[in-house]
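The sequence and the structure are shown first.

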Amino acid sequence: MTAGDVAQRSSTDRGARRPRFHIRTHGCQMNVHDSERLAGVLEEAGYEHTPDVDGADLVVFNTCAVRENADNKLYGQLGRLAPAKAERPGMQIAVGGCLAQKDRETVVRRAPWVDVVFGTHNTGSLPALLERARHNGEAQVEILEALETFPSHLPARRESAYAGWVSISVGCNNTCTFCIVPSLRGKEVDRRPGEILAEVEALVAEGVLEVTLLGQNVNAYGVSFDDRVSGRTAFADLLRACGDIEGLERVRFTSPHPRDFTTDVITTMAETPNVCPQLHMPLQSGSDRVLKAMRRSYRARRYLDIVDEVRAAMPEAALTTDIIVGFPGETEEDFQGTLDVVAASRFSQAFTFQYSPRPGTPAATLPDQVPKAVVQERYDRLTALQEEISLELNREQVGRELELVVSTGEGRKDTATRRMSGRARDGRLVHFTPAGTTEDIRPGDVVTVRATYGAPHHVVADGDVLTHRRTRAGDAHAAGQRPTTPRTTGLGLPTLGPPAPAPAAAPGCSATLQEVSP
């Protein structure tokens, strides 16, 4: 009998509900997928998910350590939750992820009402740590320095019926001076191709149309076992293998490193129909001097050569990037180099960040930190240039037919405008009017629309829907069903059920967390 069976039986015997958990995720796509695994582990242990933090018996924070205000954001939310925990005996709070890996005992010292602190390497330990905290009556802090098990071996509660994250590696072997991720996630560890493809096939069997392959440095995949027999890199072979999976309509990946970008990957992208013409490739800076200080093992000319090669192979491809403004020692000449590369690359979108020192990174101690006012002024100029480019590129879409996988919750004004939203094959966000079709359009369905308007961050299609294809993903979304991924290997941990249901909160006592976007 599983932990869930025991928990369900005991809850039924008591005439009580199963304890509910709520997960709040900060940070990157890797964290979003890690939260799916956390949810799967908790459901396996007998908990049930709730989207409402006020009704949760367990609140889990999956944290990020990349941004300067990540800790302030976390402790602010923990502080708002403290009164509710004080009024609800049995309620628990857990903090995991990168900030937990970095700060360790600091979390409990600053927020002593937290019950569990766990790191990036022991996601599967959460139920055991919660049970131990409950039994011992004190906070449990467990931070492992090495991976306990590959996260994809854990069960998952998927958030989407039509799109799935698939992790192909964890960790990073790079030493970028601004980045703390390698010290928190560890060295790169790759999954075997067969495991990855089996997970993709299982998702497709449940109706998923699109997968995104995840890795801290996704195109370095296979360094530990790549024998180059095929004449291609392991990542190119993996993309081609995804192209052979029947029913898989779209494949994306993030994030590649320019150092590891090879011609065979570009050729594979162009020749594999279900690999989307979209590339997110971080630039970080257009100055060779700054790139060297960042320990980025490419230079501006190499980056632009990759852009040119991608555009030659896939003229329709949309490129996006990450850029840091104000890295220590950045001069006006250095910054102009970034503007020049942005202008030449013509990104459809750029995620721009003002540099902030992260304790534990080499860049934090570099001299010549750029004054905040100078960083802000440069940031404003960069975003203005990128907005202009994005607007031009999206206006070029007007009149074109775009195939969309209908999504949910991506348009803040969709309710007011009576539009729906979807993603084109190149990743563009498109808001469309669901008119001209006799059947309800559901998230997960596929539609073709004609673009009528371009804005800097989206495209609008206000005419009739040209085609509408109902899908199994749309059926699943309408039925409230999501793909489930079972555990694929044991962790050697005790099997534990959930706690007894917590008493109801006292009247008038509650705490509300503000939503935080990843």
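Helices (H or I, at least four residues) and strands (E, at least two) are DSSP runs, numbered from the N terminus. On this basis the protein chain comprises 16 helices and 23 strands. The model is predicted: local features need pLDDT of at least 70, side-chain atom pairs count only at pLDDT 80 or more, and totals for chains, interfaces and linings use all residues. Residues are numbered from 1 along each chain as its sequence is written, and side-chain values use heavy atoms, with hydrogens and water left out.

**Burial and nonpolar cores**

A residue is termed buried under 20% relative accessible area, exposed over 50%, and partly exposed in between (1.4 Å probe, protein chains only). Of the 518 residues of the protein chain, 54% count as buried. Contact means heavy atoms within 4.5 Å.

In soluble globular proteins, nonpolar side chains tend to be buried together. A nonpolar core is here a set of buried Ala, Val, Leu, Ile, Met, Phe, Trp, Tyr and Cys residues joined through side-chain atoms within 4.5 Å. The largest such core has 54 residues, of which L213, F235 and L239 touch the most other members. Apart from it lies another core, of 23 residues, which includes L78, M91, I93 and C98.

Helix α9 (residues 234-243) has A234, F235, A236, L238, L239 and C242 as its buried residues. The elements covering these residues include α8 (193-205), β11 (210-214), β12 (250-254) and α10 (263-271). Residues up to four places away in sequence aside, L213 touches several residues, among them F235, L238, L239 and C242, as well as V251, R252, F253 and T254.

**Individual residues and their contacts**

T448 is found in strand β19 (residues 446-450) and is buried, at a relative accessible area of 15%. Beyond residues up to four places away in sequence, T448 touches E401, L402, E403, V465, L466 and T467. The C-alpha atoms of T448 and V465 are 6.2 Å apart, although 17 residues separate the two in sequence.

A polar contact is a pair of N or O atoms within 3.5 Å; within protein, one must be able to donate a hydrogen and the other to accept it, and residues adjacent in sequence count only if both atoms are side-chain atoms. The side chains of T448 and T467 make such a contact at 2.7 Å. Another, of 3.4 Å, joins the side chains of H477 and R482. H477 belongs to helix α16 (residues 472-478).

R37, in helix α2 (residues 29-44), is buried, with a relative accessible area of 1%. Neighbours within four places in sequence aside, R37 is in contact with P151, S152, L154, P155, A156, R158, E199 and T485.

**Pocket and cavity**

On a 1 Å grid over the protein atoms alone, a cavity is a set of points where a 1.4 Å probe fits but cannot get out, and a pocket is an open set with protein on both sides within 12 Å along at least five of seven lines; lining residues have an atom within 4 Å of a point. Grid points are joined across faces, edges and corners, and a volume is the space filled by probe spheres set on the points.

The second largest pocket holds about 340 Å³ of space. Its lining has 20 residues, and E316, Q397, R400, D426 and R428 are the closest to its centre. The largest share of this lining, three residues, comes from β16. The structure also holds two cavities of 30 Å³ or more, and the largest cavity has a volume of about 50 Å³. Helix α2 gives the most to the lining of the largest cavity, with three residues, and among the lining residues are N31, D34 and L38.

**Backbone geometry**

Most residues other than glycine have a negative phi, and most peptide bonds are trans. The following table lists the exceptions described here.

| Site | Feature | Value |
|---|---|---|
| T254 and S255 | cis peptide bond | omega about -10 degrees |
| R104 | positive phi, not a glycine | about 55 degrees |
| R418 | positive phi, not a glycine | near 60 degrees |

S255 lies in the loop between β12 and α10. R104 lies between α4 (98-103) and α5 (105-110), also in a loop, and counts as partly exposed at 26% relative accessibility. R418, in the loop between α15 (414-417) and β17 (420-424), is exposed, with a relative accessible area of 71%.
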